[in-house]
Amino acid sequence: MTLTPGKLWGFRRMADSHGLFKMTAVDQRPPIKGPIAKHHGVPEAPWEDVAKFKTLLIETLQEASSAMLLDPHYAIPMGLDTFSPTKGLIVTLEDSLFEETEGGRLSAEIDDWSVGKIKRMGGDAVKVLAWYRPDASAGVNRAQQDFTRRIGEACARFDIPFLFELLVYPLAADAHQTKEYVEMQGKKADDVLKSVEEFAKPEYGVDIFKLESPVNAKDADGSAEVQAVFDEMGRLANRPWVMLSAGAGKADFRRILQHAYKAGASGYLAGRAIWLDAFQHYPDWATIKADLQGEAVDYMNDLNALTEAEATPWHKNSAVSHTGFVPADASFRHKYEDI
């Protein structure tokens with residue numbers, strides 16, 4: 001993969017000075033809205049409370065982060081003024097509401113939101129989550145592939161990094177069927193690996209992968225067998241990649257990162273593993289803030305030390321090259337005319 005100047009700049013903004021990604025996800029919607037709505041006994045969580053929690057995450061966790069992932073519904077409207085300009089800004093494009101069909105899940109962009117708008121607002125990267133099962137219906141998989149390809153093309157046109165998140169999920173006929181944003185129980189490593197293999201194809205334009213553990217979090221035990229699966233995932237990704245937490249507990253996620261770093265990962269982009277324990281205290285805002293400033297930051301510092309000791313800087317990934325900041329010839333100027 002070759003990074004153009006805009007994509008190269010986005011990578012530099014997301015990573016620390018050593019090329020490592022220590023990124024915090026604040027874009028979650030159902031995992032935050034759901035508990036808040038349940039507490040109040042209402043179908044829809046109060047906007048102010050969701051946005052307040054996300055703003056608190058920005059205030060307390062950004063110092064330990066190289067970049068943060070924000071959403072345009074809650075985190076950006078209330079929290080952007082709090083967000084440090086020294087941190088990388090990743091912005092969500094996909095809608096948290098997906099269409100569940102007999103053949104699988106269909107993803108879509110947030111209404112009236114686009115790659116171009118993310119670029120114009122100052123975003124350093126576009127993040128998209130796509131649900132994917134290699135054994136979903138052919139029609140669903142074509143739709144998910146087309147969805148991803150279209151966004152990759154837009155990211156290339158606007159010269160902004162495409163950070164792509166993949167999650168396997170239970171089909172309608174699977175046991176433990178759920179629509180929650182949690183790790184699928186009983187997931188198969190082959191489903192994860194085949195998904196990575198598909199979207200590593202150049203036609204999708206993915207610049208950096210945000211990947212889930214290919215084995216259940218509890219099974220990340222440090223064994224050679226598990227490490228071999230992570231090694232294969234890194235080989236298939238064939239570009240910089242980071243790990244997501246998928247709601248794993250703190251100890252489980254740390255073990256996952258150890259496997260991932262041995263396989264060549266360049267960092268993490270995690271949310272609930274960092275802040276979920278504090279969120280359990282809602283609506284006690286003082287306790288939430290204290291736990292974020294204490295336990296959550298301590299955990300991030302531990303992850304950051306692990307990342308610095310064992311992760312691979314993104315620019316040392318053998319698949320990466322870049323054009324550099326070259327003089328603007330005619331083709332270079334044309335690339336930016338539509339921005």
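At 11% relative accessibility, Tyr282 counts as buried, where buried means under 20% relative accessible area, exposed over 50% and partly exposed in between (1.4 Å probe, protein chains only). Tyr282 and Trp285 make an edge-to-face aromatic pair, with 5.6 Å from centre to centre and 90 degrees between the planes. For such pairs, the rings of Phe, Tyr and Trp (its six-membered ring) must have centres within 6.5 Å; planes under 30 degrees apart are stacked, over 60 edge-to-face, and the rest tilted. Tyr282 also takes part in a cis peptide bond, to Pro283, with omega at about 10 degrees. Pro283 sits in the loop between α10 and α11 (285–310).

A quick word on what you're looking at. This is a predicted model, where local features need pLDDT of at least 70 and side-chain atom pairs count only at pLDDT 80 or more, while totals for chains, interfaces and linings use all residues. Residues are numbered from 1 along each chain as its sequence is written, and side-chain values use heavy atoms, with hydrogens and water left out.

Now step back to the whole chain. It has 12 helices and 12 strands; helices (H or I, at least four residues) and strands (E, at least two) are DSSP runs, numbered from the N terminus. The radius of gyration is 19 Å, close to the 20 Å that the globule rule gives for 339 residues, so the chain is as compact as a globular protein of that length. That radius is taken over C-alpha atoms, and the rule is 2.2 Å times the number of residues to the power 0.38. Along the principal axes, the C-alpha atoms fill a box of roughly 60 × 45 × 40 Å. Of the 339 residues, 58% count as buried. Among contacts (heavy atoms within 4.5 Å) between residues at least 6 apart in sequence, 75% join residues at least 24 apart.

What about the interior? In the largest nonpolar core, which has 87 residues, Phe209, Trp241 and Phe253 touch the most other members. The largest share of this core, nine residues, comes from α11. A nonpolar core here is a set of buried Ala, Val, Leu, Ile, Met, Phe, Trp, Tyr and Cys residues joined through side-chain atoms within 4.5 Å. Leaving aside neighbours within four places in sequence, Phe209 is in contact with a list of residues including Phe164, Leu166, Phe199 and Trp241. Phe209 also belongs to an aromatic cluster with Tyr132, Phe162, Phe164, Phe199 and Tyr204. There is a second, separate core of 18 residues, with Leu8, Phe11, Met14 and Ala67 among them.

Leu8, Phe11 and Met14 bring us to helix α1 (residues 5–14).

Strand β2 (residues 21–25) has five of its five residues buried, so the rest of the structure largely encloses it. Both faces are covered: Phe21, Met23 and Ala25 are buried on one side, Lys22 and Thr24 on the other. β2 pairs in the parallel sense with β11 (residues 267–270) over four bridges, and Phe21 stands opposite Gly267 there. It also pairs in the parallel sense with β3 (residues 67–70), over three bridges, where Thr24 stands opposite Met68. Strands count as paired if DSSP finds at least two bridges between them.

Back to the rings: the whole structure holds 15 aromatic pairs. In one of them, Phe53 and Phe279 have ring centres 4.6 Å apart and planes at 35 degrees, so the pair is tilted. Phe53 lies in α3 (residues 47–61) and Phe279 in α10 (residues 272–279), so the pair ties together parts that are 226 residues apart in sequence. Phe53 is buried at 0% relative accessibility, and Phe279 is buried at 4%.

Rings also meet charges. The charged end of Arg105 sits over the ring of Trp131, 4.4 Å from its centre, and Lys250 lies over the face of Tyr299 at 5.3 Å from the ring centre. The cut-off asks for NZ of Lys or CZ of Arg within 6 Å of the ring centre and within 35 degrees of the ring normal.

Finally, look at two loop residues. Asp112 is not a glycine, yet has a positive phi of about 60 degrees; it lies between β6 (104–106) and α5 (115–120) and is exposed, at 68% relative accessible area. Asn238, also not a glycine, has a positive phi of about 55 degrees. Asn238 is found between α8 (224–237) and β10 (241–243) and is partly exposed, at 46%.
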